[in-house]
Amino acid sequence: MEFSVVCMFTQVECAKIHCPHEQGTPVCTCRMFSSKSIPCRHVIAFLTSQGITSLPNEFICDRWKMTPHEY
Ligand SMILES: [Zn+2]
């Protein structure tokens, strides 16, 4: 499935979200997550529109998942 993200001010499409299936991890065409390991505003807006209020585990970089005993 593919979803378009449209700027609320200019009404211009700014990104596309690809979702392989309903439970799959959404991927944005801006590639911010793959380049910086930070979920982009497009994916966050998409998840919010789907009623998902917490960030899925796939979007949290392993570096930030370390528990205190791993230091
Ligand atoms: Zn994006």
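Predicted model: local features only at pLDDT ≥ 70, side-chain atom pairs only at ≥ 80, totals over all residues.
Helices and strands are taken here as DSSP runs, a helix having at least four residues and a strand at least two.

The protein contains three strands and two helices. Along the sequence these elements follow the order β-β-β-α-α. Along the principal axes, the C-alpha atoms occupy a box of roughly 50 × 25 × 20 Å. The chain has 71 residues, of which 14% count as buried. When contacts between residues at least 6 apart in sequence are considered, 23% of them join residues at least 24 apart.

The largest nonpolar core consists of seven residues, namely Val5, Ala15, Ile17, Cys28, Cys40, Val43 and Phe46. At least two residues of this core come from β2 (13–18), and at least two come from α2 (41–49). Val5, itself a member of the core, has contacts beyond its neighbours within four places in sequence. These contacts include Glu13, Cys14, Ala15, Lys16 and Ile17, and also His42, Ala45 and Phe46. Among the contacts of Val5, Ala15, Ile17 and Phe46 are also listed in the core.

Two residues were examined for their backbone angles. Most residues other than glycine have a negative phi. Arg31, which is not a glycine, has a positive phi of about 60°. This residue is located in the loop that connects β3 (27–28) with α1 (32–36). Arg31 has 11 other C-beta atoms within 10 Å, and it is therefore classed as exposed, the cut-off for that class being 12 or fewer.

Ser37 likewise is not a glycine and has a positive phi of about 60°. Its position is in the loop between α1 and α2. For Ser37 the count is 13 other C-beta atoms within 10 Å, so the residue is partly exposed. That class lies between the exposed cut-off of 12 or fewer and the buried cut-off of 20 or more.

Notes. Residues numbered from 1 in each chain as written. Contact = placed C-beta atoms within 7 Å. Core = buried A, V, L, I, M, F, W, Y, C linked by C-beta atoms within 7 Å.
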